[in-house]
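User: I would like to go through this model and ask, term by term, what each description rests on. Please set each value against its definition.

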Amino acid sequence: MRNDFAERTRWFREARFGMFIHWGLYAIPSRGEWVRSLEKLSVEEYRPFFEEFDPVRYDPRQWAKLAKAAGMKYAVMTAKHHDGFCLFDSKLTDYKATYTPAGRDLIREYVEAFREEGLRVGLYYSIIDWHHDDYPAYGDKIHPMRDNEAFKNKPIEFGRYLDYMHGQVKELLTNYGKIDVMWFDFSYDDMTGEKWRATELVRMMRSLQPDIVIDNRLGGNIKAAAPEEYAGDFASPEQMLPAEGIANEAGRPIPWEACITLNDHWGYCSSDRNYKSAKTVVRGLVECVSKGGNLLLNVGPDAKGVIPHEAVEILREVGRWMDANADSVYGCGAASLPKPEWGRYTQNGNKLYAHLFDRGMGPTSFAGMNGKIKRARLLADGAEIKVETPWMAYEYPDDAFVTLGGAELPDGIDTVIE
Ligand code: JFZ
């Protein structure tokens, strides 16, 4: 049966920051992971990428070290994306890395490397499949076969696809040791919930991996007071941060994880150099934590198996901030205070973290906090920060005032006062 939800998801709610990895054959055309569908490539047009796939520089230990240096606590990698290509050595298909020039199970190496670095390991598995013979040609956007009459009119046996999909999930949760996160993608229209035999699937998963944390994209309503068994453990806002924390219909906060790309694509896209700055990433992460959520930040390694150097540099810079300030992220959540003008609050027990994005004019004000701040320290170096009473303070008896003095905004990303 289902282990206690709060216990099972604790590490996930405390970790706050993870690495999403979108990698597959689509790294070769390098126009994003939807290329097969968006450009309506036929089986023949997509086949060369399978025949060529030879990531000679794939070294997941380097990826894992980078994730760790960035302050990430877990990762989620595409075992299979919508194109149906499997990076793992599935017994149920030949459409896998083993039969490309790579010649081996690339998921096994990922799992082992990330675990070795002490990171939790997650797998992304697309329930949509553009390769399987028994997956319905459905909708222009979702399935690229639609315009191919041969496929469109071909009778399918969807049950065979479901057996395949359930079988692959079973392989993934049997052959790779403990898997911490399963990230399904995605239900749409009437292809949702029991269409995937979702209850049966989730029961099988929990029998194999009782503590696994599962996303909410099998369908169902995660916000319901009594959600379906398959409704998932966390909400997964994509390419956006919710305006406020996410709660269920009973008003109880639910775990969530925003998945966000570093540039504008998930899979490698050679022409997309529109990367977010380290400052944007840190402030985004802090925003997630301040609303009780996680950030799953995506990288798209190239066809050789290399994470683009821009992404590496950004993650290293994020890591330098995290080295000094991670206490204001791990194990933290929303503060029971309104968002301040100058930045954001995160909180861990009786420790409040003030994330200063903006120096402002004069001392930093903490609305409603007069008398409630026992002591204040710069998180980065532990230096004392004085809680002072400016002469005008008598006009604002509810508020506390803090002067950073010489310690002001040392790196301009986010100065944290504990
Ligand atoms: C999905 C994938 O299609 C995408 O390739 C990537 O893996 C991302 C993390 O997840 O993106 C979606 C999912 C659902 C919708 C749009 C994009 N949707 O329902 O509109």
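User: Which helix lies across S8 and S9, and at what angle to S8 does it run?

Analyst: This is a predicted model, in which local features need pLDDT of at least 70 and side-chain atom pairs count only at pLDDT 80 or more, while totals for chains, interfaces and linings use all residues. Residues are numbered from 1 along each chain as its sequence is written. Helix H10 (residues 278-290) lies across S8 and S9 and runs at about 55° to S8. Such angles run from 0 to 180 degrees between N-to-C directions, with axes as lines fitted to C-alpha atoms, for helices over the stretch in contact. Helices (H or I, at least four residues) and strands (E, at least two) are DSSP runs, numbered from the N terminus.

User: What makes S8 an edge strand?

Analyst: Two strands pair if DSSP finds at least two bridges between them, and six bridges join S8 to strand S9 (residues 351-356), the two running antiparallel. The open sheet of three strands has the order S8-S9-S14, with antiparallel pairing. Strand S8 (343-348) and strand S14 (415-417) each pair on one side only, and these are the edge strands. From one strand to the next, the twist averages 25°.

User: How do you know that the protein chain is as compact as a globular protein of its length?

Analyst: The protein chain has eleven helices and 14 strands. Its radius of gyration, taken over C-alpha atoms, is set against the globule rule, 2.2 Å times the number of residues to the power 0.38. The value is 23 Å, close to the 22 Å that the rule gives for 418 residues, so the protein chain is as compact as a globular protein of that length.

User: Which residues touch the most other members of the largest nonpolar core?

Analyst: A nonpolar core is a set of buried Ala, Val, Leu, Ile, Met, Phe, Trp, Tyr and Cys residues joined through C-beta atoms within 7 Å. Of the 111 residues in the largest one, Ala75 and Val76 touch the most other members. H10 gives the most to this core, with seven residues.

Technical notes: Two residues are in contact if their C-beta atoms, placed from the backbone, lie within 7 Å. A residue is buried if 20 or more other C-beta atoms lie within 10 Å of its own, exposed if 12 or fewer, and partly exposed in between; C-beta atoms are placed from the backbone.
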